[in-house]
Amino acid sequence: MTIRVLIADDQSMVREAFVVLLNAQPDIEVVGEAVDGDDVLVKAAALTPDVVLMDVRMPGIDGLEATRRLAGRTKVLMLTTFDLDEYVYEALRAGASGFLLKKATARELGDAVRIVANGDAMLAPSVTRRLISAFARLGPPRPFTGEASGPLTPRESEILTLIAHGLSNTEIADNLVIAEQTVKSHVSNILTKIGVRDRTQAAVYAFQTGLVTPYGGARSHDPPAAP
């Protein structure tokens, strides 16, 4: 199935470069371009893309606010030249499914779009480190304000901890010596139980509730080695 992408960036040269890079992928099609936050909201409603490639800084409604308004309707992959913790944290809280710097390679960009389109949020280790830093500055954990349908099992808590440290399903399976399909089933149960839509929001939940602490690893065991 072809992944339909809408590109939102106020710089025409940037948009054109992304169009070329993504249209060169056999399974990705750029269906539209937006020049600012207002434009992306209109075109996302009209074109119904699978993924919006969203710049953080745009005139009018910026990328963060546009992402908040699209949350739950369209998957958003944030793109920025600004490698700042505040953007990572706010993008994730706004509902973004991924975060990628504009200096990423064509392959990294294509892979990120595929990951987000498949609902397996783009939470790379480098992004996880920035997320950890952001939570470190926030102080003690705050109560989670979402709806949780039931307590996590010890295995689910263990897997959520690994998700929060940026591990993929394959890496989690290798780490715990279980089948990848088993990991996928656990991840699905975790998302349902804690009332979030993807792995990125699950990672935020893990930090907010104190299951994972910024520099102390998990409550129950040390953090895994970096993949």
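The following is a conversation about a predicted model of a protein chain.

Visitor: How many helices and strands does the secondary structure of the protein chain come to?
Guide: The model is predicted, and buried residues make up 48% of the 227 residues in its protein chain. The secondary structure of this chain comes to 10 helices and seven strands.

Visitor: Which residue in E4 stands opposite Val-51?
Guide: Strand E3 covers residues 51–55 and strand E4 covers residues 75–80, and the two pair in the parallel sense over five bridges. Opposite Val-51, the residue in E4 is Lys-75.

Visitor: Is H1 roughly parallel or roughly perpendicular to H5?
Guide: The axes of H1, residues 12–23, and H5 come within 10 Å, and in this pair Phe-18, Leu-21 and Leu-22 of H1 meet Ala-106, Leu-109, Gly-110 and Val-113 of H5. The two axes cross at roughly 75 degrees. Because angles of 65 to 115 degrees count as roughly perpendicular, H1 and H5 are roughly perpendicular.

Visitor: Is Ile-115 buried, partly exposed or exposed?
Guide: Ile-115 is found in helix H5, and its C-alpha atom is separated by 9.8 Å from that of Leu-77, 38 residues apart from it along the chain. The relative accessible area of Ile-115 is 31%. Because buried means under 20% and exposed means over 50%, Ile-115 is partly exposed.

Visitor: Which residues have the most contacts inside the largest nonpolar core?
Guide: The largest nonpolar core has 22 residues, and the elements that give two or more residues to this core are helices H7, H8, H9 and H10. Apart from it lies another core, of 20 residues, among them Met-54, Leu-70, Ala-96 and Leu-101. In the largest core, the residues with the most contacts inside it are Ile-159, Leu-160 and Ile-172.

Visitor: Why does Ile-159 count as buried?
Guide: Ile-159 has its place in helix H7. Leaving aside its neighbours within four places in sequence, Ile-159 is in contact with Ile-172, Leu-176, His-186, Val-187 and Ile-190. Because buried means under 20% relative accessible area, Ile-159 counts as buried at 0%.

Visitor: At roughly what angle do the axes of H7 and H9 cross?
Guide: In this pair of helices, Arg-155, Glu-156, Ile-159, Leu-160 and Ile-163 of H7 meet His-186, Val-187, Asn-189, Ile-190 and Lys-193 of H9. The axes of H7 and H9 come within 10 Å, and the angle at which they cross is roughly 90 degrees. That makes H7 roughly perpendicular to H9.

Visitor: Where does Val-177 lie?
Guide: The phi of Val-177 is near 55 degrees, a positive value in a residue other than glycine. Val-177 is exposed, with a relative accessible area of 72%. Its place is the loop between H8 and H9.

Visitor: What is the phi of Thr-48 near?
Guide: Thr-48 has its place in the loop between H2 and E3, and at 53% relative accessibility it counts as exposed. Thr-48 is a residue other than glycine with a positive phi, and the value is near 45 degrees.

Terms used:
Residues numbered from 1 in each chain as written. Predicted model: local features only at pLDDT ≥ 70, side-chain atom pairs only at ≥ 80, totals over all residues. Heavy atoms only, no water. Core = buried A, V, L, I, M, F, W, Y, C linked by side-chain atoms within 4.5 Å. Buried < 20%, exposed > 50% of the residue type's maximum accessible area, 1.4 Å probe, protein only. Helix = DSSP H or I, 4+ residues; strand = E, 2+ residues; numbered from the N terminus. Contact = heavy atoms within 4.5 Å. Pairing = 2+ DSSP bridges. Axes fitted to C-alpha atoms, helices over the stretch in contact; angles between N-to-C directions. Parallel < 35°, antiparallel > 145°, perpendicular 65-115°, else oblique.
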